[in-house]
Amino acid sequence: MDLTISMILVFMIAGALFAIHAKDLLSAVVAMGIVGYGLVICFLLLKAPDLAIVQIVVETITLVIMVAVVLDSSRNEIEATFDRRSILQMVTGFIVFAGLLYFFLLAIENLDSLGSHTLRMSEAYVNGAVEKTGSVNLVTGVIFDFRAYDTLGEAVILYTAALGVLTLLRLKGKK
Amino acid sequence: MEGMSVIIKKVTQLLAGLIFVYGIYIILHGHLTPGGGFAGGVIIAGAFILLILAFGSSELNLKTEVSGSSGTESLAILLVVILALMSLLLGAKVFIVNFLPKGLPGELLSAGVIPLYNLFVGVEVAGAILTIFLALVIFKEESST
Amino acid sequence: MNALIPLFVALPLIAAFLVMILGKLVSKFHRFFTPLVLLILLAMAIYEFSMAGMAPIIYTMGGWSTLGGIPVGIYLVLDGFSVLMLCIINLVGFIALFYSLSYMKQYTAERNYYALFCLIIAGMNGVVLSGDLFNLFVFMEVSVISSYALVAFGVGKTELEASFKYQVLGVLASMLILLAIGLIYWQTKTLNIADVKTLLKGGAGDPFLVFIQVLLISGFGLKAAIVPFHAWLPDAHSSAPSPISAMLSGVLIKAVGIYVLIRLFFNMFAFSHEIAVIFTVLGTLSMVAGALLALMQWDLKRLLAYSSISQIGYVVMAFGMAMVLLSSGTNQGAAVLAVTGAVYHLVNHAVFKGLLFLNAGALEHRLETRDLRKMGGLSTAMPITSSTSLMASMSISGIPPFNGFFSKLIIIIAAIQGHFYLLATLAIVVSIITLGYFLKFQRYAFFNKPLEKALQKIREVPFSMSFSMLVLAVLCFALSLLAFPAISNEVLRPAIDVLMQSDLYSITITGL
Amino acid sequence: MTAYILTFILFLVGLYGVITRRNLIKIAISLSIMEFSIFLLLVLIGFIDGGSAPIVDPEKAGTLYVDPLPQAMVLTAIVIGLATTAMLMAIAIRLYRKYKTFDIREIKNLRG
């Protein structure tokens, strides 16, 4: 399992790097799709069907919105002047990120490795959950019964985003 | 924006209904099969977006569409909060408790309040994403003219 | 009594949705409904404040209490510190909303404004009450996303650019926080804050703990606009409509930034010396840098935004000093004094910074400009605005009869008792600089000779704006009574007890 | 262990994109790449070897299930990511209408 996920991750990282350095914005948006749909495959491999369904459709809608925005404006990226300053920036960035990665590895050294996760809080969400919530799908049981308050907040977030987009895209702000 | 070619329009006519029914299936069987309120709502929103893309926004009167979708969205989430508050009065007098009988696991009408939550959250998610998409389309229409 | 707790979140949510639905049918629905709801919330907050006992009140969401000693559901925790925050949020929220009844007439789509305002209040109430890490993240997102939309409410060029920068840094901070929550879940397998406290393994220098703490400090530090992460605050606060700047500066960066940092680092993590030193250094940096940058500003609201960074620096420095003293275990008295000063200054800053932004809004409402050089001699033309802003400026720069003086005095005494002489001198120097740029504000705005003749016929602002300014000014004066030990025992003591005995918080939940 | 390392590398690639890119759309893309990496990290944490998807089959009792809690968290986080991306896109298209460019540095000095 670790190997298959890592292989997909290599493709996702390649897609992400291309998305950041792409000359044409449209290909950058499509390259972001590589990362998004790679994530869907990872979710399926990691036994998370709910997430795969939501992620694949949300990714498609995000791509539609981004392509609509990019096609409506300019597709050409700003020519990055590849001078000395950007090389210096690249090198310092690489050193900082190597440090962060080392620090991260140090932090997760003695944590459970992939697959050897033990349950504590979610013990109650799995054993006997069908009797408590009546829902056969455990994830729906967690979302709509054990932690329904989170999902209420979640629905409010999407509502706020819709209200925010309506407010931001009105033509005249002041009377 | 103008619609696409006739072939796409014809295919979309066939597909959009199917996607819409599939979305409803995902919502109603949320507590039985993978998926649920969020997944079904997003699929239904996808069906509507497909229709708007294929047929273009000239046929639709967008202003009423947006006010309609944001209206249903506000109504749906209001019902979710009222359902949560109802559990404050009935059942165990605690916020968001599952106060309806649980029924037999595996049945369609089984998990107490969960199917109702699935339904309302699904409608709310579909309404919200549709409002976002329509707001973008209207802005592109109005600002380009 | 604890049936009220979920209403703090449910009531503003229902208000927001009703405003959007009924707002189309009933024409002036949002103008009288939302102030009513916020008044009810304020009354509930004050009622909860009067009932606040010693032990925190636990409200189990969905009826899921502990199963086999492990907290399973989401817990809402109401203790001394969160009750105090609830009162500040709902008080400044109600006054800013009452102020915006007439201020927001110049904007279109007022209905969206009132709905988003209720959502930001619901988000902050949810954050302050939540006792569960992921739930805290979700309600923080609710309040932060609605503040993105409110900052860009005027959809002008500068508002949009400021809101875009604010959003990019906000999403970056949220991702760091989500990463930290994931890592905490990875080790402790639970999300309940009290449960995590008992399960977090690792000594002081353990790389896992330090990594999480650095992530949380940078994530919530960015929400609280502490110096290295403050880039978004001056633009966002100066381009937002004034009642929203009052809410952002007065309450949002405290409830979503400072409160969560203090709750996690006092009640969840064990005190470690390095993290405490980082806190103190960040606090002093933002105190000094904020004051120096504010001195050079000519745009009134940018000046107030930078002064917010400086005053937040006072609070973070005081909390940092308390953590240093507590981690070294010596000098308990100075630590209690530092925490008292910090909490007291938090409350004061919410009141007088809110008032200053409302004054700036009144000036902008009448003069259509925020540039101090274009103002002058308004003390006669706008008596209420000038007198309230004089009181606010005196209290923020620590002039004796006002509340700012007492809270800064307590922080400086705590610094001296804790042998932080450098910090004490810096605090005094910054207080003088603060006095400097507020005198500049008063002189240019109110007491200078008017430049153009047009400034003569400026009338006073309408009732709803002047009334809310007066209420805050009276509060500025009333809060100075908190300095006397008799009253501060009544008001600040529960909050300080929660922070000092951190296991008081977890005992009632997990019984460990 | 390599999956966690690569996930954190993906997070760093997203962080690099947010810090260095000047194009508004590229910044939004890098932010959602960062979000994807954290979603994957959360689901990786909840995975249990030999566990099956969290759909209980009433007949087959005693099967091992994957941890449903991180999946519930990621479901919420995906919708948060959609909400913030939609808001960023709304502002990006408006900024393009007003400034005719996506370059954030140009917008800063055009602000005036």
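Two residues are in contact if their C-beta atoms, placed from the backbone, lie within 7 Å. This is a predicted model: local features need pLDDT of at least 70, side-chain atom pairs count only at pLDDT 80 or more, and totals for chains, interfaces and linings use all residues. Residues are numbered from 1 along each chain as its sequence is written, while chains are lettered from A and ligands numbered from 1 in the order in which they are written.

**Exercise 1. Describe chain B as a whole.**

Solution. 
- Start with the contacts. In chain B, 70% of those with a separation of 6 or more join residues 24 or more positions apart.
- Next, the elements. Helices (H or I, at least four residues) and strands (E, at least two) are DSSP runs, numbered from the N terminus. Chain B has four helices and zero strands. Its pattern along the sequence is α-α-α-α.
- Then the extent. Along the principal axes, the C-alpha atoms of chain B fill a box of roughly 55 × 30 × 15 Å.
- Now burial. A residue is buried if 20 or more other C-beta atoms lie within 10 Å of its own, exposed if 12 or fewer, and partly exposed in between; the C-beta atoms are placed from the backbone. Of the 145 residues in chain B, 48% are buried.
- Last, confidence. pLDDT is the predictor's confidence in each residue, from 0 to 100. Chain B has a mean pLDDT of 84, with 95% of its residues at 70 or more. Confidence in chain B is highest in helix H1 (residues 6-28), at 92, and lowest in helix H3 (residues 62-89), at a mean of 81.

**Exercise 2. Work out how H2(B) meets H4(B).**

Solution. 
- Take the axes. These are lines fitted to C-alpha atoms, for helices over the stretch in contact, and angles run from 0 to 180 degrees between N-to-C directions. The axes of helix H2 (residues 37-55) of chain B and H4(B) come within 7 Å and cross at roughly 35°.
- Name the residues. H2(B) brings residues including Phe38(B), Phe48(B) and Ile52(B). Across from H2(B), H4(B) brings residues including Tyr117(B), Leu130(B) and Phe133(B).
- Sort them by type. Ala, Val, Leu, Ile, Met, Phe, Trp, Tyr, Cys and Pro count as nonpolar, Asp, Glu, Lys and Arg as charged, and the others, Gly among them, as polar. The contact of H2(B) with H4(B) has 16 nonpolar, five polar and one charged.

**Exercise 3. Decide whether H4(A) is mostly buried or in the open.**

Solution. 
- Count the buried residues. Two of the 24 residues of H4(A) are buried, so H4(A) lies largely in the open.
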